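This briefing is intended for a reader who is meeting the structure for the first time.

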Amino acid sequence: MVSVKLRDMVKLYGDYLAIKGVDLDIEDGTFCVFVGPSGCGKSTLLRMIAGLETISHGSLTIGDRVVNDVPSRDRGIAMVFQSYALYPHMSVRDNLGFGLKISGASNEEIARRCDAAADMLGLGPYMERRPSQLSGGQRQRVAIGRAMVREPDVFLFDEPLSNLDAKLRNQTRVEIKRLQQQLAATVIFVTHDQVEAMTLADKIVVLRDGLVEQTGTPLDVFERPRNKFVAGFIGAPSMNFIDGTIVRGPGGVAVRAGNVDIPINAEHFDLPAEGEAITIGLRPEDIVPEGHGQAPEMGADTEGQVGFAEMLGNESLLFLTVAGTELVARMQRPRIVETGETIRLRLDGSRVHLFDAKTEESVRKQ
Ligand SMILES: Nc1ncnc2c1ncn2[C@@H]1O[C@H](COP(=O)(O)OP(=O)(O)O)[C@@H](O)[C@H]1O
Ligand SMILES: [Mg+2]
């Protein structure tokens, strides 16, 4: 396997700037996930790496070669799409081996690689079936197998799980991760689903409007989002945002949200002056209903009115009004909650995120 380097990669469709200058290093054996909202340029960037779109500007290195002008088939990549794109009139075995046959591999070699892929993917029993005789999950496994038999240096996936139902999606997600680990493969995987991104990635690349907003490990982007966009995009349900101000008192520094002062560790932030506006970010799990979960040590007590409770069994999501602001809280070991009920809450000051009210950049010291 090999590494992939992007330098100032730009894509122009006519005069529309779809990719605005992306720098990225994907190390050998990394599972890298491009994530971002629909239309942000994930597929375009992947297709530029695959050689299915020209590169308007910048350079792309795969292994030790700049491949800007290398045709797709000579880049050592294999791509799996959302639609399986299998040949309907061919058996699974022939679908797996077709690319190898075209490239002139021997029958023994084709059989060896197809059997190995079928083994790893559990496709053995289906080798003589046509795609129409397979479930969606099985078809997607054939598509993955077809990429595997090419023994590429880099696997590229464009939303391969989007057509599967929830259960199969989870199952196939685990399989893809396991395969990547077994093969120690370099993988670039596109999704708009932040849960997929978090669970699969060694390295997450968050894209917006053709630009990289942040790269890092899943924990990095979750714990230290660089701006309000990343903070709101990663994590489900989304982070709550509250307009606040800075207050400095004898007890230390706090952020004021409505009538609540939440104490914070000021040394972690580059804070604006007292009284200045700041955007407070609090994740649902950091708003802890009294008696549910561990009460945060450093925090502020308040209460909220329940507008709606979404019961998930192991937890409930409470949609609350706290001092005039709508917030979502996570309730562990839930009980039945009535609409209109008043719930006592503790807001975790040690988990507060703070963003510049104008630029939306995090004010956390890096
Ligand atoms: N062939 C094309 N011609 C013109 N614009 C395109 C083309 N392909 C994609 N785009 C535009 O580029 C932007 C990024 O698209 P895409 O990479 O498909 O986004 P994503 O995969 O993140 O949903 C979108 O605004 C899209 O409309
Ligand atoms: Mg796409």
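In this predicted model, E6, H2 and H4 each contribute at least two residues to the lining of the largest pocket. The volume of that pocket is about 600 Å³. Helix H4, one of these contributors, is itself largely enclosed by the rest of the structure.

**The largest pocket**

- The lining comprises 20 residues, and those closest to the centre of the pocket are Ala78, Met79, Gly99, Arg146 and Arg150.
- H2 gives the most to the lining, with five residues.
- Sorted by class, the lining holds 13 nonpolar, four polar and three charged residues.

**Helix H4**

- H4 runs through residues 136–148, and its 13 residues reach 18 Å from the first C-alpha to the last, close to the 18 Å expected at 1.5 Å a residue.
- Because 11 of its 13 residues are buried, H4 is largely enclosed by the rest of the structure.
- The buried residues of H4 include Gly137, Arg141, Ile144 and Met148; Arg146 is also among them, and Arg146 is one of the residues closest to the centre of the largest pocket.
- The cover over the buried residues of H4 includes strands E6 (77–80) and E7 (154–158), together with helices H2 (92–102), H3 (107–121) and H5 (166–183).

**Thr191 and its surroundings**

- Thr191 belongs to strand E8 (residues 186–191) and is buried, with a relative accessible area of 1%.
- Beyond its neighbours within four places in sequence, Thr191 is in contact with Val33, Phe34, Val35, Gly36, Lys42, Glu159, Glu196 and Ala197.
- The side chain of Thr191 makes a polar contact of 2.8 Å with the side chain of Glu196.
- A polar atom of the Thr191 side chain also lies 2.9 Å from the backbone nitrogen of Asp193.
- Thr191 and Val4 are separated by 187 residues in sequence and by 19 Å in space, C-alpha to C-alpha.

**Backbone geometry**

- Most residues other than glycine have a negative phi, and most peptide bonds are trans.
- The peptide bond from Ala236 to Pro237 is cis, with omega near -10°; Pro237 sits in the loop between helix H8 (228–233) and strand E11 (240–249).
- Asp209, although not a glycine, has a positive phi of about 50°, and its place is in the loop between strands E9 (203–208) and E10 (211–216).
- Glu360, in the segment after strand E20 (353–356), has a positive phi near 70° and is partly exposed, with a relative accessible area of 33%.

Terms used
Residues numbered from 1 in each chain as written. Chains lettered and ligands numbered in written order. Predicted model: local features only at pLDDT ≥ 70, side-chain atom pairs only at ≥ 80, totals over all residues. Heavy atoms only, no water. Helix = DSSP H or I, 4+ residues; strand = E, 2+ residues; numbered from the N terminus. Expected span 1.5 Å × (residues − 1). Buried < 20%, exposed > 50% of the residue type's maximum accessible area, 1.4 Å probe, protein only. Contact = heavy atoms within 4.5 Å. Polar contact = N/O pair within 3.5 Å; in protein donor to acceptor, adjacent residues only side chain to side chain. 1 Å grid on protein atoms, 1.4 Å probe; cavity = no way out; pocket = protein on both sides within 12 Å on 5 of 7 lines; lining within 4 Å. Points joined across faces, edges and corners; volume = space filled by probe spheres on them. Nonpolar A, V, L, I, M, F, W, Y, C, P; charged D, E, K, R; others polar.
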